[in-house]
Amino acid sequence: MSNEIKLEEYDDHFSDFFELVKNNSQYDSEKIEKAYTLAYEAHKNQRRRSGEPYIMHPVAVAKILYELGMDNECIIGALLHDVVEDTTYDLDFIREKFGEEVAVLVDGVTKLGKIPLSTKEEVQAENIRKMFIAMNQDVRVIIIKLADRLHNMRTLQFMPEYKQREKSLETLEIYAPIAHRLGIRAVKEELEDLAIRYLDPIAYREIESSLDMKVSEGKQFLDDIKTQIKEKLEPIMKDVTITSRVKSVHGIFRKVYIKGKNFEEIYDIYAIRIIVDSMIDCYNALGIVHDMFTPLPGRFKDYISTPKPNMYQSLHTTVLSKKGIPFEIQIRTWDMHRTAEYGIAAHWKYKIGKGGKDNLDKSLQWIHQMLENGDSAENAEDMVSSIKGDLSIDEIYVFTPKGDVKSLPKGSTVIDFAYAIHSAVGNRMIGAKIDGRIVPLDTVVKTGQVVEIITSNQQGKGPSRDWLGIVKSGEARSKIRAWFKKEKRDENIVQGKADLEHEFKRNYLRFEAGQYDEFVKKIAERQHFDSVEDFYAAIGYGGVQISRLMPGIKDEYNRNWKIKEPVAPSVNKVVKTHQTKSSDGVVVEGIDNCLINMAKCCSPLPGEPIIGFITRGHGLTVHRRDCKNVPVDIANSPEPERWISAHWDSKVKVEARSSLDVYAIDRDGVVLDITTTIVNAHVKLHTINARPINDGNCITSMSITVNNKEHLDAIIRLLSKINGVYLIERGDN
């Protein structure tokens with residue numbers, strides 16, 4: 001039986017859409033029909049997982065774009081978006097038949113391909129970079145891709161369960177936030193709701209059930225509110241349109257399951273929308289509704305005077321009805337409404353050709369910025385994380401002393417704000433004020449605050465490396481790294497080399513003579529660096545986090561570079577193989593009656609890999625294998641015969657002294673909490689000393705007695721649970 005699909009199977013589906021196109025003078029119906037005919041021919045033997053003819057998909061995507069008001073080329077691009085990727089027709093053929101503009105759109109969508117999840121960070125990062133490059137060239141590429149993803153999500157029930165979860169997570173982390181940034185509300189909300197349906201079906205059903213009850217209960221309530229408002233507004237202003245809505249499933253999911261609120265604490269489940277003719281009418285309407293209902297304090301937002309980055313404008317206020325039921329009121333003009341519903345897409349229908357191009361370019365600056373941030377990230381995982389963070393739907397709006405507003409990801413600090421003003425401001429920053437009060441540099445800013453950045457003109461002033469762990473936005477992180485990359489190359493090389501050697505020691509990587517440099521060179525080449533110095537520099541300024549590369553480095557080492565006896569010099573092999581035990585439970589190979597001391601530089605603990613060093617006149621000193629004073633390449637170090645194999649005697653129980661440095665926010669009672677934790681753990685405390693450090697933090701240094709490495713790790717876990725503690729380090733590293 002032939003697999004060829006007959007035109008009649010789906011011709012009616014296109015006919016309904018085509019009737020809409022023919023009756024709209026904006027579109028070239030002849031060219032659209034020609035594109036449909038080519039798509040039909042190209043996909044005629046293909047079916048979707050649902051069993052439907054494949055052509056149903058590009059037609060559905062084109063219809064979504066038509067409903068958004070997209071232009072002729074966009075509709076044609078949608079009909080042809082899978083032709084080059086899935087059939088025998090190539091891009092040159094598309095260019096010849098439909099022109100360069102359509103070819104660019106089809107090529108852009110084709111290049112995007114799939115965006116895998118974070119199990120393949122490098123592939124994901126490259127595909128995300130391609131997406132933003134395509135968006136940068138023509139934003140319609142991503143609008144077609146959003147419509148494509150929306151139809152795929154609508155038909156996701158035909159995919160395997162693991163694919164449903166994978167696609168839904170990808171949609172929630174990448175596509176829905178892009179739709180939000182582009183201001184396409186309807187697409188953003190539907191993508192989010194569909195994603196939650198597959199990621200957390202139980203929560204989805206619970207919210208859906210609660211919403212159904214709210215809709216049923218609220219219909220009469222909303223109708224009454226609309227009637228009351230209309231009676232007050234119509235005598236004063238013309239052409240008032242009043243609508244109502246119930247909050248989306250995902251909007252409630254975020255507040256209930258992520259922010260921990262009760263369903264009844266959500267004040268904007270019900271919303272009234274008032275659409276008027278002019279901006280003056282917006283503010284007049286606001287005054288009237290505030291006179292009619294009791295406004296809730298702190299729930300008014302003026303997005304008309306301060307638009308969101310995606311061009312959204314409206315007045316938002318939450319009020320209480322006479323019955324004590326809270327509801328939100330949104331007030332906007334018709335132009336604002338079109339932008340709120342269709343975002344960027346509205347510009348093709350209403351703005352292009354009418355002076356809207358400049359505003360469009362301005363609204364897409366965030367795409368250029370993300371490309372710059374992505375280019376400065378040399379670690380794939382960092383790039384993906386940065387873009388996801390910058391795409392975050394949670395945004396805050398903070399003011400400069402002159403009244404300029406800056407939008408930042410929620411959780412941003414005053415350092416993020418400084419870099420949002422300008423990289424030079426961030427680089428010269430020495431302090432900050434919020435609403436006139438000096439605050440620490442790690443202070444998180446909130447919507448509505450006025451932030452003043454204090455800078456210094458002192459030569460050589462620049463950011464601190466610690467800031468990389470404080471900032472939230474990818475923009476700030478990339479600018480800090482760029483400064484270190486440019487200004488401190490020599491320092492970065494030294495720092496990077498030291499960090500790499502320390503990480504190698506910590507992971508017990510040892511090399512024979514001459515192998516260390518060769519190994520590092522190979523790793524640098526694999527990370528696409530032109531030289532070992534560039535690799536060291538990237539580690540030094542934070543562009544590469546060596547700890548994240550270590551799994552791959554260790555795998556390479558174990559397969560091709562590992563030596564059988566990394567620390568046993570050949571000169572010691574001729575010595576008698578009897579053992580000497582110390583009172584500290586250390587077993588040393590081949591030495592008689594030797595005084596054994598514990599190295600103060602690293603304070604080795606039972607259970608940690610160790611090595612001995614013969615100290616003239618002072619016996620044998622035992623170091624941790626990863627001690628900074630133990631050479632990476634022992635066989636090629638000065639006097640290798642003085643390094644002796646040693647290990648702990650598991651039968652001997654010993655106690656050892658160790659030091660810890662506890663870094664915490666400098667709050668009242670933090671040192672008391674640290675001391676109490678140590679005492680309650682029945683740990684012997686020898687000394688303790690606390691002192692303030694920079695930016696409102698403090699360090700508490702202590703000396704304690706422990707049984708072994710596992711005992712110390714357990715103590716560190718207890719201390720890390722203390723409120724405000726953010727880092728614990730061995731003081732004897």
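Helix α6 itself spans residues 91-98, and Leu91, Ile94 and Phe98 are its buried residues. Viewed along the axis of α6, the buried residues fall within an arc of 60°, so they line one face of the helix. An α-helix has 3.6 residues a turn, so residues three or four places apart point the same way. Asp92 and Glu96, on the other side of α6, are exposed. After α6 comes Gly99, which has a positive phi, near 95°.

A second topic is the packing of two helices, α9 and α11. Their axes are 10 Å apart and the helices pack at an angle of about 35°. The crossing of α9 past α11 is left-handed. The residues that make the contact are tabulated below by helix.

| Helix | Residues | Residues in the contact |
|---|---|---|
| α9 | 140-154 | Leu146, Arg149, Leu150, Met153, Arg154 |
| α11 | 185-199 | Val187, Glu190, Leu191, Leu194, Ala195, Tyr198 |

As to confidence, the chain has a mean pLDDT of 78, with 79% of its residues at 70 or more. Residues 1-10 have a pLDDT below 50, and in the model this stretch has 20 contacts beyond near neighbours in sequence. Over residues 112-119 the pLDDT also stays under 50, and here the model has 25 contacts beyond four places in sequence. Where pLDDT is low, the predicted coordinates should not be read in detail.

Definitions and conventions
Residues are numbered from 1 along each chain as its sequence is written. This is a predicted model: local features need pLDDT of at least 70, side-chain atom pairs count only at pLDDT 80 or more; totals for chains, interfaces and linings use all residues. Side-chain values use heavy atoms; hydrogens and water are left out. Buried means under 20% relative accessible area, exposed over 50%, partly exposed in between (1.4 Å probe, protein chains only). Helices (H or I, at least four residues) and strands (E, at least two) are DSSP runs, numbered from the N terminus. The arc is that of the directions from the helix axis to the C-beta atoms. pLDDT is the predictor's confidence in each residue, from 0 to 100. Contact means heavy atoms within 4.5 Å. Axes are lines fitted to C-alpha atoms, for helices over the stretch in contact, and angles run from 0 to 180 degrees between N-to-C directions. A crossing is left-handed if the near helix is turned anticlockwise from the far one by less than a right angle, and right-handed if clockwise.
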